[in-house]
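Here is a friendly walk through a protein model, one stop after another. Take a look at the picture first, then read on.

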Amino acid sequence: MSGFPILSVMLLVPLLGAVACFKASASAARTIALVATLVDLALGIVLWANFDIGGDQWQFTERASLFAGFQWALGIDGIALMLIMLSVFLMPICILASHSIEKRVGEYMAAFLFMEVLMIGTFAAQDLFLFYILFEAGLIPMYLIIGIWGGVDRIYASYKFFLYTLLGSVLMFIAMLWMANTAGTTDIPTLMAYDFAPSAQTWLWLAFFASFAVKMPMWPVHTWLPAAHVQAPTAGSVILAGVLLKLGGYGFIRFSLPMFPEASAQFVWLVWGLSMAAVVITSLIALVQHDMKKLIAYSSVAHMAIVTIGLFSFNTQGLDGAMIVMLSHGLVSGALFLCVGVIYDRLHTREIDRYGGLSINMPKYALFFLLFTMASIGLPGTSGFVGEFLSLGGIYQVNSWVAFVCTTGIILGAAYMLYLYRRIAFGEQKNADAAAMPDLNAREWAMLAPIAAAVLWMGVYPESFMAPMRNDIALLEARISRAQPASDARLVTGEAAPAAAEEEAAAHGGAH
Amino acid sequence: MEYLHSLSLVVPELILTVSGLIMVLFAAWGGAAASRAVSIACCVALGGAFALVAPSVCAGASGLETIAFFGQVRADAFAGFAKLLIYAAAGAALVVSSAYFEKRGAMRPEFPVLILFSALGASVMVSATDLIALYIGLELQSLAAYVLAAYLRDDDKSAEAGLKYFVLGALASGILLFGISLIYGFTGSTAFDAINVAMADGLSGGELFGLVFVLSAMAFKISAVPFHMWTPDVYEGAPTPVTMFFASAPKVAAVALLARLSLEAFGSQTAAWQQIVTFAALASIVVGALGAIGQENLKRLLAYSSINNVGFILIGLATASAAGAASMLLYLLFYVAMTVGSFVGLLLLRDADGNQLETFGDIKGLSTTRPALAWCLLAIMFSLAGIPPLMGFYAKLVVFQAAVEADLLPLAAIGIAASVIGAFYYLKFIKVMFFDEPVDRVQGKADTWHWVLLALSVLVISPLAWLATGWLGNLADLAAASLFIAG
């Protein structure tokens, strides 16, 4: 595969598709979009198959000095590979899920394909400014998707989404300019090994944090997410939850941690505190929602907090866990939004009370929904378990209190998800129209079955997904270990353990 | 020999002058019937001047060879770059004005002649290296502009715009002259390089006052806060093609002049004017953004948008560096493209009877009734908001890059954070066109030339133009360098 610019081709295919869709008729646009995304999926599989696990850190690199001051520089490591795979995997499903869109189909499909270009480009970019351009350009199609094809409050939601994320990003932009000026390069791999002065790192870290925390989203800047999710069309929600939220986590793992390890350690209390607050507060908020999409949106915030906890545990286990939670959440929350979309298409309401007893008339649907509910809770055997277990295991090595608080998120997660499932699928069939809904059709099968397979695969044999990332996570861990915060467990090895430490450890253990 | 050399340097201006004078005669004897021919001839003259300036820009002309008339003007690459933008913008204004004024029965041959003289004045402004030449250029440009603003004589708003523009412009000229006289009195010269030398040993009170007065007058000309009050009224009242001209050519000239004045004449006392420019930059960004939010009229909105953009350009000036000057030129280039594009877009908004539509209420749901126009305007608005991958982002990138390189981090951070406020009303533009229910008021047909101009502007700000950034960046660097290689 050497020499073939596969990443550029992966960007070009949906771009051409988007241009073609723009003027095409509705049915032609659907076909073009589906073909383009499937071609990209095929290219993605080729990419994965040719990815040399344990080989060079950066593979499939491309360099071309096309612009003033920065380069067209692409290349991926295992982390980027997995996120690109997630994107190309979800895109054809999103196109299928857009069946209920009747209004301006050509422009809709064009916006989605353009979105795919930007997402793949963001993960593959190896130049700071190229990354920013692609990262930020995603605002345009997303703004239009929410604003044109969204629900009742779509205008408020689209503004909130746009301005929140823009404000976060522009500060990061200034930080990037400063970095490029100081380090004299915009090459991301070089910058990842560049040691900025610790005092400068503090400001740079905060500027990047402003952007990634909003994108992630972390509590308390998460409020754009429920608004955007509820109003976006189903496919928009899937992309938003499945891939766009991963940009924040990707930013932390690609920029904040390796480029500013000292500052990351310095602000670890901030990230931990916000994550703990997010897990508990948003889970409780999710518990009282009447709108299905809002409930899942709040659960996303809680899951993303598990990601940040894993990332800022500064050890391999936590980093692995964070990546797996991101991939798993991409699949599971995407699938949950699809499940909501399936019944929304039939009854045109997201009100939980309007449904009930669906397992009687829609047994297949109820089965899929149950699987994804369990995956969201983190039942062993599903992808959710692997990620959350590793993340919490990682943080437990550093701080047992944070681990304790965040683990309550699993319990609360079980509470709100099972409560949701009970109200929708079990109980009496109190609404006649809901009881008359037909079960899944072939198109919906085609959407849900691949995700279900991926969720189970990741749950039973996560090694397939962790192997490509292993080297990169190890390198990252080696890079940030010098700033690792001290563990509160105060592990003592050897026989000459002072009695006091033993006592304290015992007292600490007793607290749990 | 010296005169011959000087004359050869100002050939573009000579062409404009001579053709302008001939056109005046044509206009006097030809009457209204000659207006189309005069328009075309003026376009040709501008095109000729453009073609003559282009080589000096590409070659990065600088140094002693570019000095003409014993240091009155200098035809270097910096002036050349600005002149190209001025001629292009003036040409665009001529192209769109015929249809506009013919519809109102007001097309007379003096209109293109006035545009030509205004462009000539602007051209003198950007090459001036002496306060007297500066003043002559500025007044020539302004006098033509006052008439242009009031060109629709039977229209109250147009007359009001002309009067406001004239009264306030005259006040600014007075302030400028007062400042010039102070500077002349305290430094003993009107030549930029001599002023620079005289100021190098510290700023006396009189010099400081002169500097502040001159900069205030310039702030009026570029409509920077706190001298921006005339802009919304004049932009709204003036006929739309004239507004398009005001927002582009004279603004480019005034910004370039301000840059040359600050960096050459006051170059030895950067600290004295840097804080003024910094304040004006931030104030313009914030006031331009906040003022636009409540506007219903699209021309007023674009007026505030131009105030906002001037703020970003001034950030480039506040760096007082060659990179800053280059970033100003690049910003101006994309600013002109966005301005021309947005005003041509406005001109295309006509109802079935050919009347101009210019409020938000008229463009509701434009994307379903007029998709091509709506998508072009969408690109321009996102570009103005500075959202990548459009070139408005590149313009902001170079400006903020210069600011960061000059260690002006707080200025950069506040400036860019305030740009988010600006994004709000550009988004409103898009929201109204794309999210609202269509009212289908835009019915009128447009001629090909409008579409050509719109397509050209959109092409300049489209992501394709990233491929040209290497070349453009190089040209701007050469042009900025010519400012600093003093003759």
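## A residue inside chain A

Our first stop, Ile306(A), sits in helix α14 of chain A, which covers residues 292–311. Helices here are DSSP runs of H or I with at least four residues, and they are numbered from the N terminus. Is Ile306(A) buried or exposed? Ile306(A) counts as buried because 30 C-beta neighbours lie inside 10 Å. The cut-offs are 20 or more other C-beta atoms within 10 Å for buried, 12 or fewer for exposed, and partly exposed in between, with C-beta atoms placed from the backbone.

Beyond its neighbours within four places in sequence, Ile306(A) is in contact with Val325(A), Glu388(A), Ser391(A), Cys406(A) and Gly409(A). Contact means that the C-beta atoms of two residues, placed from the backbone, lie within 7 Å.

## How to read the model

This is a predicted model, where local features need pLDDT of at least 70, side-chain atom pairs count only at pLDDT 80 or more, and totals for chains, interfaces and linings use all residues. Residues are numbered from 1 along each chain as its sequence is written, while chains are lettered from A and ligands numbered from 1 in the order in which they are written.

## Where the chains touch

Chain A and chain B each bring 26 residues to their contact. On the side of chain B, α17 (391–405), α18 (409–434) and α20 (469–484) each supply at least two residues. Which helix gives the most? That is α18(B), with 12 residues.

This side of chain B has 19 nonpolar, five polar and two charged residues. Nonpolar covers Ala, Val, Leu, Ile, Met, Phe, Trp, Tyr, Cys and Pro; charged covers Asp, Glu, Lys and Arg; the others, Gly among them, are polar.

## Two helices in chain B

Now meet α5 (residues 110–127) and α11 (residues 240–265) of chain B, whose axes come within 8 Å and cross at roughly 20°. Axes are lines fitted to C-alpha atoms, for helices over the stretch in contact, and angles run from 0 to 180 degrees between N-to-C directions. The two helices, α5(B) and α11(B), are therefore roughly parallel to each other (under 35 degrees; over 145 is roughly antiparallel, 65 to 115 roughly perpendicular and the rest oblique).

Among the residues that meet are Ile115(B) and Ala119(B) in α5(B), and Phe245(B) and Leu257(B) in α11(B). The contact of these helices, α5(B) with α11(B), holds 11 nonpolar residues, one polar and no charged.
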